[in-house]
Amino acid sequence: MNDRERSISRIAAPVRTFAQRFAYIGLIVTAAALMLVGKMEPAAFERARAHVTDAVAPILDAVSRPLDVAHDMIGEGKTLLALREENARLRAGQDRLLQWQAIARKLETENKALRELLNFVPAPDTKHISARVIGDSGGAFARTMILNAGSRDGVRKGQAVITGAGLVGRVQEVGLRSSRLLLLSDLNSRVPVVIESSRVRGVVAGTNGETLRLVHLPPDVVAAPGDRIVTSGHGGALPAGLPVGVVSVVGESGIEVEPFVDPARLEVVQALDYGLDGIIEFKAGRTEKSR
Amino acid sequence: MKPTFWHRVDKFARDLTPFALTFILLVIGAIPFHIPGFAQVAPLLPMIGIYFWAVYRPDLMPSAAVFLIGLLHDFLSGLPVGVSALIFLMVQGAALAQRSFFFGKSFVIVWIGFVFVAAGALAMEWVVLSVVAGEFIHARTALYQFGLTVAIFPVLSWMFTRWQQAFLQVE
């Protein structure tokens with residue numbers, strides 16, 4: 001290295017350190033600014049999020065398949081071991097279900113006859129869109145999942161996502177081939193519900209914990225452990241009558257609801273296309289959508 | 001002797017690997033394992049990558065790369081955008097600040113350093129998210145997440161060290 005180069009590097013080194021430090025602080029400020037923008041305008045990064053999820057979805061899809069198979073095989077083994085008990089239980093259950101079926105048939109015909117009498121407008125037909133869970137990346141502070149179906153499959157923002165057991169959550173963002181499912185347990189999840197027996201309205205809110213909270217009940221409403229909670233369909237976001245959970249604890253700190261669906265074991269879910277408008281707009285004057 | 005074109009391409013590709021490996025950790029963290037409760041406590045793998053490379057090869061993991069990893073993590077995990085970017089930058093900043101102290105020290109010291117940095121980072125994340133949400137959020141799962149992240153650090157460190165010895169020798 002000659003003298004000239006050395007003198008350049010003597011000047012350049014501090015300048016470079018300064019530039020690096022400046023870049024570091026600049027990036028920190030940028031990150032904070034992004035958070036602020038996201039807080040003020042929650043929809044700001046929706047598109048970017050959907051694009052990133054879309055881009056990673058094929059990788060996740062490919063990797064999660066063998067895992068699902070392994071998981072299924074373990075499940076299969078467990079089932080084989082428990083076959084005898086399962087059989088006995090199912091036999092007992094079948095008798096009960098046959099009774100229910102008879103009752104349901106009777107009610108269905110009665111319902112049909114009554115509807116004809118009243119000229120009742122039936123709810124629009126439902127389409128089910130099945131999707132596999134390919135991403136489960138929330139970590140400790142968020143409860144979301146990535147599904148391998150997107151707008152090209154008919155998934156729309158705000159659709160209810162269910163399994164046979166009940167409501168799982170709803171679609172938060174939609175990309176072309178993937179979408180993000182906001183679980184009931186996420187802090188940002190709010191679902192309008194009714195207590196099935198008393199028809200009292202409320203809202204089920206996520207806590208990031210395992211149980212949900214039942215809030216915004218009218219005063220002096222009594223809820224008892226064991227009460228079933230179903231969606232109310234208010235606000236036009238979700239169809240009515242989807243099972244959500246049962247009241248588990250009624251205490252000083254509020255009413256806790258145990259969800260019917262355990263998200264940890266989800267592999268395949270269904271998005272419901274009810275032809276409803278989708279998510280509630282949390283803006284003044286737009287909460288009540290006229291249809 | 002001037003390095004040939006292919007030599008430079010080769011070096012460039014090798015120099016890119018710390019970022020690539022951290023990105024792979026990010027994607028691995030998003031795979032559903034269907035183990036009940038695991039998703040909530042799954043170790044924060046990218047944080048390990050960021051800390052390791054900040055301590056051992058800071059020249060190959062610039063702040064902009066850390067920022068990008070953080071942003072992608074936010075997008076993938078559904079966290080408010082900017083949170084992980086901020087947290088990961090702080091991890092990098094803390095690691096860089098203590099770099100001269102770690103120099104020549106045994107692995108255990110570096111690990112203990114990570115314990116403190118990870119604890120600080122997760123506490124910070126909890127505070128930031130609580131402020132964003134406007135209420136205190138559940139933190140118990142974050143404790144388990146912290147434990148698992150710290151526990152898996154030696155494994156990933158060992159793999160990174162082997163990688164470094166094999167592909168990233170300083171010429």
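**Chain A, chain B and A:T231**

Colleague: Happy to look at this with you! How many residues of chain B are in contact with chain A?

Modeller: In this predicted model, contact means that two C-beta atoms, placed from the backbone, lie within 7 Å. On the chain A side, 42 residues take part, and the number from chain B is 41.

Colleague: Which helix of chain B gives the most to that side?

Modeller: Helices here are DSSP runs of H or I with at least four residues, strands are E runs of at least two, and both are numbered from the N terminus. Elements giving two or more residues to the side of chain B that touches chain A include helix 5 (83-97) and helix 8 (140-167). With 8 residues, the one that gives the most is helix 4.

Colleague: Thanks! Is A:T231 buried or exposed?

Modeller: A:T231 sits in strand 9 (residues 228-231) of chain A. A residue counts as buried if 20 or more other C-beta atoms lie within 10 Å of its own, as exposed if 12 or fewer do, and as partly exposed in between, with C-beta atoms placed from the backbone. Because A:T231 has 22 other C-beta atoms within 10 Å, A:T231 is buried.

Colleague: And what percentage of chain A counts as buried?

Modeller: Chain A holds 3 helices and 12 strands. Of its 291 residues, the share that counts as buried is 31%.

Modeller: A note on conventions: residues are numbered from 1 along each chain as its sequence is written, with chains lettered from A and ligands numbered from 1 in the order in which they are written. Local features need pLDDT of at least 70 and side-chain atom pairs count only at pLDDT 80 or more, while totals for chains, interfaces and linings use all residues.
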